[in-house]
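Let's take a walk through this one, chain by chain, and then look at how the pieces meet. Have the viewer open and follow along.

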Amino acid sequence: MNGNIKVRIIGLLAFVAVTLLAFLGSIMLGIVQIPFRAVMDAFLSFDGSREHLIIRSVRLPRALIAVVIGGSLAVAGCLMQAISRNALAGPELFGVSNGAAFAAVAASFWLGSSSLSLLAWSALIGAAVAGVSVFFLSYRSGRSISSVRLVLAGASLNLLFASLTQGILILNEQSLDTMRYWLAGSLTGRDIDLFIQVMPYMGVGAAIAFVVSSQLNIFGLGEEVAQGLGQRMAAIRTASIMAVVLLAGSAVALAGPIGFVGLAVPHIARLLVGGNYRWIVPYSAVLGALLLLAADIGARFVLPGQEIPVGVVTAFFGAPMLIYLAARKENSR
Amino acid sequence: MMSSSAKLRALAIIGILIVLNIGAITLHLMLGERSIPWMDVFRTLFGTGGEEYRFTIHELRLPRVLTGLLVGCGLALAGTVLQAITGNPLASPGVIGLNSGAAAAVVGVMVLVPAFPMRMMPWVAFGGAFLAAAVMYSLSWRRGTAGSPVRMLLIGVGISAMASALITYLLTVGHIFRVSQASIWMAGSLYGRTWDHFWPLLPWILILFAMVLTMSRRLDLFLLDAQSAAGLGLRVELTRFLFILTSVGLAGAAVAMAGTIGFVGLMAPHMAGHLAGARSIVKLPAAALIGSLIVLLSDLAGRVVFAPYEIPAGLITAIIGVPYMIYLLMRRRAI
């Protein structure tokens, strides 16, 4: 047992190291390639040159944001899968992304401004409303959430939010022009101030997540045990939902809807470390960061001379993952 | 065979639905920025009225209302067929990804090939919907056995997600004018539909409707389980494939002309089932008429209630459809 723990800690540290490398790669690679020396100089002896400016004002915030968003979405996905006892739970099926997108578009339409901080706050609220309503529509006390209910409730609310968003964008071409990039889920042009504003919320969410992570395993126990622990489970469930809203909401607020990180990463983590949430949560955090960094670097190179929004990249790799999960579930029956 | 009282009842239901549709069409022709008294509507329609309202009715309102009628029929029929062959009351062209497949194909053509003729659009949408259906079919149906509904729904959700990622990408690269056009189209609007939209759509819906009706007895056999159906001499796989193809055609053609008008394919078959029972020969026309009624009334409400703004019909059907879906979810505790 002791050896096992050691292996897992070493594994986690190894993934942290790979993530750091990817972080460096994200700063160095792009339409303007920047050598490693210049990256170091930009922090140690900043001289105001164009290269150093690119690093400090564009590349560094972008890489940082990719790390925190990837981590938050993945941890949010973990919590959702644990409390719903359903492998398909994740921010995208819970309507969190579309709810946030709708709230952001509506706010920018009515208040006539598309400042990033307005988008951020409205997205946070929209995410909370959508996530909580899908959860309660598909939840029935004492039983795990069945996939059909979850998928149908999530798909219907997603569709509703998507058509409301569509309706607003039609009434106002101006907002369509500014919002279409945000709606695609992109990491470009996010400035560091917004990041700092959202950070405390993410921090609180992450803290709650790590505190409850050791308790999440009780959701996997049998029905009788779970009923005996009734009071405690309710508290953990509430705390988890709060953490999910904070994490996923602020992630959408920062970068727009980026799908499938929250769904796919917990499964990868489970493949690596088994079914214990005490390990799944930290592994997911690191793997989520790594995955989004990689997707973001990839998004710069898929089409020459053009950047694809990273949300498109994750959807293209994530949706087959959903299909694969559906297929596997069938086989295991 | 149907008993004569059941036949009478079926005829009465369909008759009433036809009358309601005619009523909705008349209201459509009357109301709007410029209201027209109903006497004048009929006079103009039958060519005995003056020239006063000719343009408004013949060139603006009539093509729009007739396109809406066909679109509603197409979506409802596609939904009815899908629900029958999957045995899942919650399946609909929207949920399993047909609509988004068609939408991705049409948006792609709209944004990238600006001069593409409208009359070819149903083919493009059919191609997109067909691709989505082919992927879903090959992944969710094993040899000889139907996959479970959950599996099919999930695969559909996955396909929808990929198609909408593609749409999102296309919307970010396109020129804003075309993007705006495409997004109006996607919201499911009947705004500005002309005879150019109606005529290409008509043969698709008519032919496929006739096909489904002639095969309605085989559709009924799907309500039994697959083994009994096979025992009765039904070539299950081939028949199912044919039915999927028809619903792809119906949904694809409808989406091509009016964008994604959601939930019609879900709601209409349900209501038709309540009214007319499960027998397909009655349920199919009833669903088609209810579907067209939903689309027509949504479009009318979108046009009149918030005038001078127009709310796309797809938005209104979503606002009605989501509570309906939630009601179904709440009622069906067993799922």
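Among contacts in chain B between residues at least 6 apart in sequence, 77% join residues at least 24 apart; a contact here means two C-beta atoms, placed from the backbone, within 7 Å. Keep in mind that this is a predicted model, in which local features need pLDDT of at least 70 and side-chain atom pairs count only at pLDDT 80 or more, while totals for chains, interfaces and linings use all residues. As for labels, residues are numbered from 1 along each chain as its sequence is written, and chains are lettered from A and ligands numbered from 1 in the order in which they are written.

So what is chain B built from? Its secondary structure comes to 14 helices and 0 strands, where helices (H or I, at least four residues) and strands (E, at least two) are DSSP runs numbered from the N terminus. The radius of gyration of chain B, taken over C-alpha atoms, is 20 Å, close to the 20 Å that the globule rule gives for 335 residues, so the chain is as compact as a globular protein of that length; the rule itself is 2.2 Å times the number of residues to the power 0.38. Along the principal axes, the C-alpha atoms of chain B fill a box of roughly 65 × 60 × 35 Å. Buried residues make up 52% of the 335 residues. Buried means that 20 or more other C-beta atoms lie within 10 Å of a residue's own, exposed means 12 or fewer, and partly exposed is in between, with C-beta atoms placed from the backbone.

Now for some single residues in chain B. B:Cys73 has its place in helix α3 (residues 54-86), and with 30 C-beta neighbours inside 10 Å it counts as buried. Which residues does B:Cys73 touch, leaving aside its neighbours within four places in sequence? They are B:Ile205, B:Phe209, B:Ala288, B:Gly291 and B:Ser292. B:Leu289 is 216 residues away from B:Cys73 in sequence, yet the two are 6.3 Å apart in space, C-alpha to C-alpha.

Move on to B:Ala163, which is found in helix α6 (residues 149-173) of chain B. B:Ala163 is buried, with 25 other C-beta atoms within 10 Å. Setting aside neighbours within four places in sequence, its contacts are B:Gly97, B:Ser100, B:Gly101, B:Ala103, B:Ala104 and B:Ala132. Helix α5 (residues 121-140) of chain B has 20 residues and reaches 28 Å from its first C-alpha to its last, close to the 28 Å expected at 1.5 Å a residue; the expected span is 1.5 Å times one less than the number of residues.

Is B:Arg217 buried or exposed? It sits in helix α9 (residues 216-221) of chain B, and with 11 C-beta neighbours inside 10 Å it counts as exposed. B:Phe46 is 171 residues from B:Arg217 along the chain, and their C-alpha atoms are separated by 39 Å. Back in helix α7 (residues 176-186) of chain B, the buried residues include B:Val179, B:Ile184 and B:Trp185. Just after α7(B), B:Gly188 takes a positive phi of about 80°.

Over to chain A. It has 13 helices and 0 strands, and buried residues make up 50% of its 333 residues. Among its contacts between residues at least 6 apart in sequence, 79% join residues at least 24 apart. Helix α12 (residues 277-301) of chain A has 25 residues and reaches 35 Å from its first C-alpha to its last, close to the 36 Å expected. α12(A) is mostly covered, with 19 of its 25 residues buried.

For a helix crossing, look at α3 (residues 50-84) and α11 (residues 261-273) of chain A. Their axes come within 7 Å and cross at roughly 75°; axes are lines fitted to C-alpha atoms, for helices over the stretch in contact, with angles from 0 to 180 degrees between N-to-C directions. α3(A) and α11(A) are therefore roughly perpendicular to each other, a label for angles of 65 to 115 degrees, with under 35 counting as roughly parallel, over 145 as roughly antiparallel and the rest as oblique. Among the residues that meet there are A:Gly70, A:Leu73 and A:Gly77 in α3(A), and A:Val261, A:Gly262 and A:Pro266 in α11(A). By class, this contact has 8 nonpolar, 4 polar and no charged residues. Here Ala, Val, Leu, Ile, Met, Phe, Trp, Tyr, Cys and Pro count as nonpolar, Asp, Glu, Lys and Arg as charged, and the others, Gly among them, as polar.

Finally, how many residues do the chains bring to their contact? Chain A gives 42 and chain B gives 40. On the side of chain A, α6 (147-171), α7 (173-183) and α13 (310-331) each give two or more residues, and α6(A) gives the most, with 18. That side of chain A has 29 nonpolar, 8 polar and 5 charged residues.
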